[in-house]
Structures are given as C-alpha cells and as structure tokens.
Amino acid sequence: MANRNLNEAAKNKNDEFYTQFDDIQKELNCYYTYNKDFLRGKTVLLPCDDPEWSKFTEFFIENFERYGLKKLISTSYAKNSKKFVFNPLISLFESESPKFNPTISDLRGKIFTLTQEDYIHGEHSPNNLQWDYLQGDGDFRSDEVKKLREEADVIITNPPFSLFREFLKWINPDEKNFLIIGNINCLTYKEVFPLIKDNKIWLGNGMGRWISGFIVPDGYELYGTEARVDKNGKRIIATNQCLWLTNLEHAKRHQPLKLMTLARNLRYHPKMKHLTEYQKYDNYDAIEVPATDAIPDDYPGVMGVPITFLDKYCPEQFEILGDSRYHDGNPTANDINYIDGKLTYRRILIRHKFSKG
C-alpha cells in the first residue's frame, strides 16, 4: 500500500517526502568507510531541499568538519510552490532573524550556506548557517539554482519522484558527482539504464528495506502496515521500492557475487530444482535466470536476470549487454524475453567477464 502511495504521489506531483537522518547516515557512512576523503575540499549542493526541516542539511552540518567540506549549500522551495508544507508557521530560524521579511517569506525559496570560514569548531548547530531569500521560488531549473549547480562538486538530495528524469539530466552525471534517491522503476528509464550499462552511474548501497521510510507532512495520509508516527511526532511512510543512485565509488559495487555452478543451482536452488535445465528465450540466445543468486558461475553465454541484480552488480565480474527491451544497442528492438510464447518479467542481459572476447 505504501508503494502504491509513493507511485501515486509521483504521478500527482505530491511527492513532498523527506529522508530520515539515520538513512542518510547509513548510506553516507559506506562512502566514507571506502574513502575518507571522498568529500574533502568539495562543495556539496543540497537542492530540492528544505533546510529548516531537512535531515540532509542537519547531517552535513554535523559532519562538515569530519568530511572536510569546503562549502555546504542548501536550497528550499517557496512554501506557496508546494501542495503540502511541514509546518504552516514560520520557523523560529527565519522569524527571529533580522533578514525576516513576511511579505516575501511564502513566495521565495531560501538559500543556506556553511563555509569553512563560518564553521565553528565542534559546533553542529544550524546557527552556523548563513541564509538569505532567493530571487525565485527555489526550483532547481531556475537560473539562480543552475548557477549554484555549476559551483558545486557534488549534488546530494531526494528529488521529487515526478521530476526524476529531468533532475538527473539537470545534474549531468558526466560532469558532476551525485547521490540521489529514486523509485526502483527508474532503473528501466531510457534516461537511466544506458548510463548504468555504460558504467557511468550505478546503485548506491541502499535499496528496498535499507531505506526505512520517509517523513511526510501532517496533511499526508498514512498507508500500509509499516506507516507510523515516531516518538517525535513525525509521520513516516515505509516503502521497499526506493534506492540510492550515484556515481560515487563505494566498496559494495566491487564485491563479486558468490555463486554456484549451473548443475548445483538445478539441484539445490528452490527456484530451479524443479527444472532439468535453464529455460531459454524463444527469440533470443540467452537463458532465463529467475533470481540473482541463481546465476550460474560457469555459464559462458548471455543470461537474463532480474532488474534487482543491479543492486549486486560488480563491474569486474559481469558485463551488462542491455535489457530485454533495450538490447544490442537498439532501443527500438522488440521484447526478447518470451518463453513458450509468454512474455516473462523484464530482464537485464548480462554475461560473465571471463566469456568476453
């Protein structure tokens, strides 16, 4: 139910979801453990954010010194540009500032910055931030936020699901490092999958239940058995349909899968042991593999594997050839994943690196 809720939110552009601090910390710690200098001396931009309530901003304030950041920039949307707001009242952060202007408060986005010069050693308070009103409503497509993008080295945020394709293009992964959250369906987008295939972007550490849930505004209906109100009164919607997408290196993507042989899978794997051999597609020379852990480690040919394989993909172990809809470099090709005349689930086409050539 929660997954349906998120999909409807993206469709209706009511995707005012905020990531929890613990989920941000769990994901970022994986990059820091792999390379403690991955953000050192960098300017980090948090667009599509709301720094007064956002946990991304809070996290990077707390880790500003530890990560060795050069500068942190957060931008928010104007309240009048959002269907839901977390608090109809003006935050004390803004209202007690001499910059507060009630005439433009609801109409303009805001920009928050923290630099090495302004940072107080050991002080993790938002009071370290410098802030001002933007000229516009804070939309990432505006010229003033585009200018901030050019200044940034790394872009990190949870963008609106309804604008995911446009936001990824706006980032320009060929020029900028990034770490963002998206719906798992984004893996099949024509704007996303070719970049994964060419090893320009990849999945982060977290997918599905790794992300424990999103904070939603008070006006948002809670769906599903895992929807809840936490001890601080925040409303949480849980989902297993989201993931982190990035072009920042981390250890997980270089860990080869431990697999069994074709013969052992047919004998022991619960999804295979009723078969005498792996099924083949009617109209393409590849075998059907119904689960990532059923990939045989000794098969030299092409294999069709579930989309969730990408969460385990190791570029040193496998080559991605395409998927069952976009294969052989031809996005207009017909679906190839038919078995006995029936279309199966969409598949990623891979083969072992040892068979290349």
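In this predicted model, Arg66 lies over the face of Tyr32, at 4.1 Å from the ring centre. Tyr32 is also a member of an aromatic cluster, whose other members are Phe21, Tyr31, Phe38, Phe59, Phe60 and Tyr67. A second contact between a charge and a ring involves Arg165 and Tyr189: the charged end of Arg165 sits over the ring of Tyr189, 3.5 Å from its centre.

Attention may now turn to the pairing of aromatic rings. A pair of this kind is described by the distance of the centres and the angle of the planes. The structure holds 17 aromatic pairs. One of them joins Phe161 and Phe214, whose ring centres are 6.3 Å apart. The planes of these two rings stand at 80 degrees, and the pair therefore counts as edge-to-face, for which the angle must be over 60 degrees.

Where do Phe161 and Phe214 lie in the chain? Phe161 belongs to the loop between strand E6 (154-157) and helix H7 (164-171), whereas Phe214 is part of strand E9 (residues 214-216). Because of these positions, the pair ties together parts that are 53 residues apart in sequence. Phe161 has a relative accessibility of 9% and so counts as buried, the limit being under 20%. Phe214 is likewise buried, with a relative accessible area of 0%.

A further edge-to-face pair is formed by Phe309 and Phe318. Here the distance from centre to centre is 5.4 Å, and the angle between the planes is 85 degrees. Both Phe309 and Phe318 are buried.

Technical notes. Residues are numbered from 1 along each chain as its sequence is written. This is a predicted model: local features need pLDDT of at least 70, side-chain atom pairs count only at pLDDT 80 or more; totals for chains, interfaces and linings use all residues. Side-chain values use heavy atoms; hydrogens and water are left out. Rings of Phe, Tyr and Trp (its six-membered ring) pair if their centres lie within 6.5 Å; planes under 30 degrees apart count as stacked, over 60 as edge-to-face and the rest as tilted. Helices (H or I, at least four residues) and strands (E, at least two) are DSSP runs, numbered from the N terminus. Buried means under 20% relative accessible area, exposed over 50%, partly exposed in between (1.4 Å probe, protein chains only). A charge sits over a ring if NZ of Lys or CZ of Arg is within 6 Å of the ring centre and within 35 degrees of the ring normal.
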